[in-house]
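The sequence and structure come first.

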Amino acid sequence: MVLYVYPKDDTPGCTKEACDFRDNMQLRQHGAQVLGLSRDDASSHADFAEKFSLPFPLLSDPDADFMRQIGSYGTKVLYGKTSEGVKRSTFLIGPDGRVVKAWYAVKVEGHADSVVKAIEADRNARG
């Protein structure tokens with residue numbers, strides 16, 4: 001399972017990330033279940049998913065309680081400005097439920113491919 005945490009529905013970087021996960025054929029070939037998570041509500045998620053034909057569930061954490069627990073919400077610095085907010089991050093969760101790999105401060109470009117490589121490395125390590 002791939003859980004990716006993103007700041008906001010229908011914004012440029014978040015849309016690119018969602019579409020990269022949507023379009024990555026290797027993720028499908030590996031049978032990876034993708035889940036997106038943001039603070040947006042279900043209505044926003046439904047509009048976003050429909051607009052971009054996202055084939056995976058988008059989960060809502062409006063108070064960021066879960067995101068804080070996994071290190072995906074808190075103090076961040078953007079363009080020299082310190083603020084509180086969602087930290088773009090991704091978690092690869094193996095079939096046994098353990099976190100195989102965590103990415104923090106994700107750069108969108110090429111990230112879905114990095115997730116595929118981690119899936120392949122984990123499968124090779126497990127035999």
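## Model and terms

Helices and strands are DSSP runs, of at least four residues for helices and at least two for strands, numbered from the N terminus. The model is predicted.

## Gly31

Gly31 sits in the loop that links helix H2 (25-29) to strand E2 (34-38). Its relative accessible area is 59%, so Gly31 is exposed. Met1 is 30 residues away from Gly31 along the chain, and the C-alpha atoms of the two are separated by 8.7 Å.

## His45

His45 belongs to helix H3 (residues 42-51). Its relative accessibility is 4%, so His45 counts as buried. The His45 side chain makes a polar contact with the Asp9 side chain at 2.9 Å. Beyond neighbours within four places in sequence, His45 is in contact with Tyr6, Asp9, Ser38, Asp40, Leu58, Leu59 and Ser60.

## Largest pocket

The largest pocket holds about 360 Å³ of space. Its lining consists of Pro7, Lys76, Val77, Leu78, Val86, Lys87, Arg88, Tyr104, Ala105, Val106, Lys107 and Val108. By class, 8 of the lining residues are nonpolar and 4 charged, with no polar ones. Strand E4 (residues 73-78) gives the most to this lining, with 3 residues.

## Second largest pocket

The second largest pocket holds about 180 Å³. It is lined by 13 residues, and those nearest its centre are Met1, Ile93, Pro95, Ile119 and Arg123. Strand E6 (89-93) and helix H5 (111-126) each supply at least two lining residues, and H5 has the largest share, with 4 residues. The lining divides into 7 nonpolar, 3 polar and 3 charged residues.

Methods:
Residues are numbered from 1 along each chain as its sequence is written. This is a predicted model: local features need pLDDT of at least 70, side-chain atom pairs count only at pLDDT 80 or more; totals for chains, interfaces and linings use all residues. Side-chain values use heavy atoms; hydrogens and water are left out. Buried means under 20% relative accessible area, exposed over 50%, partly exposed in between (1.4 Å probe, protein chains only). A polar contact is a pair of N or O atoms within 3.5 Å; within protein, one must be able to donate a hydrogen and the other to accept it, and residues adjacent in sequence count only if both atoms are side-chain atoms. Contact means heavy atoms within 4.5 Å. On a 1 Å grid over the protein atoms alone, a cavity is a set of points where a 1.4 Å probe fits but cannot get out, and a pocket is an open set with protein on both sides within 12 Å along at least five of seven lines; lining residues have an atom within 4 Å of a point. Grid points are joined across faces, edges and corners, and a volume is the space filled by probe spheres set on the points. Ala, Val, Leu, Ile, Met, Phe, Trp, Tyr, Cys and Pro count as nonpolar, Asp, Glu, Lys and Arg as charged, and the others, Gly among them, as polar.
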